[in-house]
Amino acid sequence: MKLFVTGGAGFIGSCFVRTALAEGWAKQVVNFDKLTYAGNLENVAPIAGHAGYRFIQADICDAQAVEKALREEAPDAVVHFAAESHVDRSIHSPAPVIQTNFNGTFTLLEAARRLNIARFVHVSTDEVYGSIEEPHDADENYPLRASSPYSASKAGSDLLALSYHTTYKMNVCVTRASNNYGPYQFPEKLIPLMISNALEDKPLPVYGDGQQVRDWLYVEDHCRAIRAVLQKGRAGNVYNVGGNCSLPNLEVVQRILKATGKPTSLITRVTDRPGHDRRYALTNSKLTGETGWAPQMDFTRGLQATVDWYVQHKAWVEHIKSGEYRRFYELNYSQRVS
Ligand code: NAD
Ligand code: DAU
C-alpha cells in the first residue's frame with residue numbers, strides 16, 4: 001500500500017509514518033508537510049533512509065502543489081493529519097488555524113476527488129463535541145458544539161470531509177480521538193510542557209482549578225486505530241478513538257511530578273483558558289465493535305515511558321525551546337500570571 005500522509009513531521013503523523021514503514025504494512029509513504037513551527041524532520045529521522053519514504057515540503061492550502069504531488073505519487077490512500085493543532089494558539093491567533101484546518105482540508109479533498117484517490121482518512125478530534133456533562137460519553141452521533149476556533153475549524157473540516165462522501169461518493173472516513181501523549185510531542189501541550197518544565201525546575205502552569213477532565217490516549221494506540229479505520233472503516237463513517245483514561249489535569253500534573261521526582265511546589269495556578277471545555281469523554285464501542293481495536297497502553301506505563309523519552313532527548317527539547325516556541329510560551333505565560 002502507498003500512503004500520502006499530510007502533517008507527517010508532527011507528533012502523531014510522524015508516529016504513524018514511522019510505524020507504518022517499520023511494521024511494513026505500508027510499502028511506500030509520501031510525507032507532505034509544510035514544516036510549520038510544529039513540524040520537525042528529527043521526528044522522522046529513524047525512517048528517513050527507508051527506500052519507500054519520500055518527503056515533500058509544501059502547504060496543504062497550495063492547490064497546485066497538492067494536485068501535482070497527488071498526481072505524481074498516485075497513492076492508494078490519503079491520511080490527513082496536517083493541522084494547526086494547539087487550542088491556545090487558536091485563541092491568540094485564529095486566522096492560520098481556519099486557513100489550514102478548514103481551507104487546507106478543502107484543498108486536499110478537492111484534489112483527491114479530481115484524481116479519484118481510492119481512500120481518504122481525515123484525522124479529527126473529540127473537541128468537536130465540546131464539553132460533555134457527566135455521566136454522558138459522546139458517541140459518533142453526539143451533537144457538535146465546538147468551543148474554540150481550533151475545535152470549530154476541525155468540526156467544519158469533518159463536515160466538509162463527510163459531505164464529499166455524501167455528494168461525490170468519495171471513500172472518506174473521519175476519526176475523532178481524545179488527548180494524545182507520548183514521545184515527540186511538541187512541548188506546548190499539557191504533558192510534554194509539564195515534563196520539560198519539571199525537568200528544568202520551572203513553574204508548572206495549571207489553568208483555573210485544574211479539575212478539567214481529559215481522556216488520555218497513547219500515541220501508538222491512536223496510530224493503530226487510524227490503521228484499523230484505513231483498512232476496515234466504512235466509507236462515510238465517523239469513528240471515535242478514546243483512551244479509556246479520564247483524569248483531571250491536576251492529577252496528571254501531580255503524577256508527572258512523582259515520575260520526575262520533583263516537588264508539588266512547582267505547581268502554579270494561572271488564569272484559565274477562555275472558553276475552556278470542562279470535560280471530554282468518548283465511547284469507543286463503534287470502532288472496537290467493527291475493527292477489534294482497543295487501547296493497549298496503561299496510563300502509568302505510558303506516562304513513565306514518555307517521561308523517560310524526554311529525559312533521554314534533552315537536545316530535542318532544547319532545540320524546540322530555543323526557537324519560535326519561546327516567544328509564544330512566554331506571551332501565553334505572562335498573560336496568565338499577570
Ligand atoms: P502537530 O501540531 O504536532 O503537527 C502538525 C503537523 O502538520 C506539523 O508537522 C506541521 O508542520 C504540519 N502542518 C501544519 N500546517 C500545515 C499546512 N498548512 N500544510 C502542510 N502541513 C502542515 O499536530 P498533532 O498533535 O500531531 O495532530 C495531528 C492531527 O491530529 C491534527 O489534525 C489534530 O487536529 C489531530 N488530533 C490531535 C490530537 C492531540 O492530542 N494532539 C488529538 C486528536 C486529534
Ligand atoms: O482532545 C483532543 C485535543 O487535545 C486535540 O484535538 C488537540 O490538537 C490537542 O492540542 C489537545 O487539546 P487540549 O486543549 O485538550 O490539550 P492541551 O495539552 O493544550 O491541554 C490539555 C488540558 O490541560 C486542557 O484542559 C488545558 C490544560 N492546560 C494546558 C496547558 C498547555 C493547563 O492547565 N496548562 C497548560 O499549560
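User: By class, how many nonpolar, polar and charged residues does the shell around ligand 1 have?

Analyst: This is a predicted model, in which local features need pLDDT of at least 70 and side-chain atom pairs count only at pLDDT 80 or more, while totals for chains, interfaces and linings use all residues. Residues are numbered from 1 along each chain as written, chains are lettered from A and ligands numbered from 1 in written order, and side-chain values use heavy atoms, without hydrogens and water. Altogether 28 residues surround ligand 1 (a heavy atom within 4 Å), with Ile12, Asp33, Ser85, Tyr150 and Lys154 the closest. Sorted by class (Ala, Val, Leu, Ile, Met, Phe, Trp, Tyr, Cys and Pro nonpolar; Asp, Glu, Lys and Arg charged; the others, Gly among them, polar), the shell has 13 nonpolar, eleven polar and four charged residues.

User: What percentage of the accessible area that ligand 1 has on its own does the protein cover?

Analyst: Oxygen atoms of ligand 1 lie 2.9 Å from a polar backbone atom of Gly10, 2.9 Å from one of Asn180 and 3.4 Å from one of Leu35, which are polar contacts (N or O pairs within 3.5 Å). On its own, ligand 1 has 840 Å² of accessible area (Shrake-Rupley, 1.4 Å probe).

User: Which element gives the largest share of the shell around ligand 1?

Analyst: Among DSSP runs (helices of at least four residues, strands of at least two), helix H1 (11–23), strand E5 (120–125), H5 and strand E7 (179–181) each supply at least two residues of this shell. The largest share, three residues, comes from E5.

User: Which residues that surround ligand 2 are the closest?

Analyst: The shell around ligand 2 is made up of 24 residues, and by class ten of them are nonpolar, eight polar and six charged. The closest residues are Thr125, Asp126, Tyr150, Arg273 and His276.

User: Which elements give two or more residues to the shell around ligand 2?

Analyst: A polar backbone atom of Tyr207 lies 2.9 Å from an oxygen atom of ligand 2. The protein covers 94% of the 690 Å² of accessible area that this ligand has on its own. The elements that contribute two or more shell residues are helix H6 (190–199) and strand E8 (204–207).

User: How are H4 and H5 oriented to each other, roughly parallel or roughly antiparallel?

Analyst: Helix H4 (residues 95–114) and helix H5 (residues 149–168) have axes that come within 8 Å and cross at roughly 15 degrees. Because angles under 35 degrees count as roughly parallel, over 145 as roughly antiparallel, 65 to 115 as roughly perpendicular and the rest as oblique, H4 and H5 are roughly parallel.

User: What does the crossing angle make H8 relative to H10?

Analyst: The axes of helix H8 (residues 249–260) and helix H10 (residues 299–312) come within 10 Å and cross at roughly 55 degrees. That angle therefore makes the orientation of H8 to H10 oblique.

User: Where is Asn116 found?

Analyst: Asn116 is not a glycine, yet has a positive phi of about 55 degrees. Its place in the chain is the loop between H4 and E5.

User: In which loop does Pro135 lie?

Analyst: The peptide bond from Glu134 to Pro135 is cis, with omega near 5 degrees. Pro135 itself belongs to the loop between E5 and H5.

Key: Polar contact = N/O pair within 3.5 Å; in protein donor to acceptor, adjacent residues only side chain to side chain. Axes fitted to C-alpha atoms, helices over the stretch in contact; angles between N-to-C directions.
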